[in-house]
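I opened the file to go through its charged pairs, its sheet and a few single residues. These are my notes.

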Amino acid sequence: GWEAQLTYNPTRNWRIYANVSKNMVTATDIFPVTRAYLAENLPVWQSSSSIVTANGQTVGQLIDVIQDQHATRIAAEGVPNSLGGAEWNGALTTRYSFTEGVLKGAHIGLNARYRGAVFLTTTGRYKEDPYTTFGINVGYNMKLRNRYTLETQLGIENAFDWDGRLVRSQANGSGYATRVRWLPGTSAVLT
């Protein structure tokens, strides 16, 4: 992939920063320990494939289930961006610092972060929708005895999504969610 960054200072107090990236992540050698384990043990299991287990299935039927599950898990190998990585990401951040007057030492900033669609299956058919979050921060810094700087800042992340939401992070072949993750709502951090 690639990444580009741009920093622009329209004035000495105002900074604008932009970043965009296109990710091309390809997984290789997925589950090597499981592969080795199956390669070592499969012949032993297959020699007992007609034995009926306690749940009424034969060892052979259980082998088929294991092999199908393993094949699904390793199907992402060699497929770009198939394991939950967003192909496109971006950010735009701005900060204005006050250097004189009654607000001297204060700063205010805004940011927008974009996360592109994320593939949820190895076929590329099902995706998590892209989303953008916005943040706000305000802060103040001052010199103490001309030697030390005291700085405090309040950062508000995901400022316009108060409740948060569940997003699919993995789907089966029909597009139904098999895993979900919580995208947190608005949060504040004081440092």
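This is a predicted model: local features need pLDDT of at least 70, side-chain atom pairs count only at pLDDT 80 or more; totals for chains, interfaces and linings use all residues.

I found two salt bridges in the structure.

I then looked up where the partners sit. Lys22 is in strand 2, whereas Glu87 is in the loop between helix 2 (59–74) and strand 3. Lys22 is partly exposed at 21% relative accessibility. Glu87 is partly exposed too, at 22%.

The other entry is Arg113 with Glu157, where I read 2.7 Å between the closest N and O atoms. Arg113 belongs to strand 4 (residues 106–115) and Glu157 to strand 8, so this bridge ties together parts 44 residues apart in sequence. I logged Arg113 as partly exposed, with a relative accessible area of 38%. Glu157 comes out at 30% relative accessibility, again partly exposed.

Which strands form the open sheet, and in what order? I read seven strands in the order 1-2-3-4-7-8-11, with antiparallel pairing. Strand 1 (2–11) and strand 11 (187–190) are at the edges. Each has a single partner strand, so one side of each has no neighbour in the sheet. I noted an average twist of 10° from one strand to the next.

I looked at one pairing in detail. Strand 2 (residues 14–22) runs antiparallel to strand 3 (residues 88–97), and nine bridges join them. Within this pairing I located Asn19 opposite Ala91 of strand 3. As a reminder to myself, strands of a sheet pair through backbone hydrogen bonds.

**Ile136.** I moved to strand 7 (residues 131–144), which holds Ile136. Its relative accessibility is 29%, so I marked Ile136 as partly exposed. I also checked its distance to Asn111. Ile136 and Asn111 are 25 residues apart in sequence, yet their C-alpha atoms are 6.5 Å apart in space. Leaving out residues up to four places away in sequence, I listed the contacts of Ile136 as Gly109, Leu110, Leu154, Gly155, Ile156 and Ala159.

I placed Leu154 in strand 8 (residues 148–157). Which residues make the nonpolar surface patch? I listed Trp14, Tyr96, Ile108, Val138, Leu154 and Leu190, with a patch area of about 520 Å².

**Asn158.** My last stop was the loop between strand 8 and strand 9 (165–171), where I found Asn158. Is Asn158 buried or exposed? I read 10% relative accessibility for Asn158, so it counts as buried; the cut-off for buried is under 20%. I then asked what Asn158 touches, again skipping residues up to four places away in sequence. Its contacts are Thr133, Phe134, Leu183, Pro184, Gly185 and Thr186.

Technical notes:
Residues are numbered from 1 along each chain as its sequence is written. Side-chain values use heavy atoms; hydrogens and water are left out. Patches are made of residues with over 30% relative accessible area and no salt bridge: like charges are joined within 9 Å, nonpolar side chains (Val, Leu, Ile, Met, Phe, Trp, Tyr) within 5 Å. Accessible areas come from the Shrake-Rupley method with a 1.4 Å probe; for residues, only the protein chains shown count as cover. A salt bridge is a side-chain nitrogen of Lys or Arg within 4 Å of a carboxyl oxygen of Asp or Glu. Helices (H or I, at least four residues) and strands (E, at least two) are DSSP runs, numbered from the N terminus. Buried means under 20% relative accessible area, exposed over 50%, partly exposed in between (1.4 Å probe, protein chains only). Contact means heavy atoms within 4.5 Å. Two strands pair if DSSP finds at least two bridges between them. Axes are lines fitted to C-alpha atoms, for helices over the stretch in contact, and angles run from 0 to 180 degrees between N-to-C directions.
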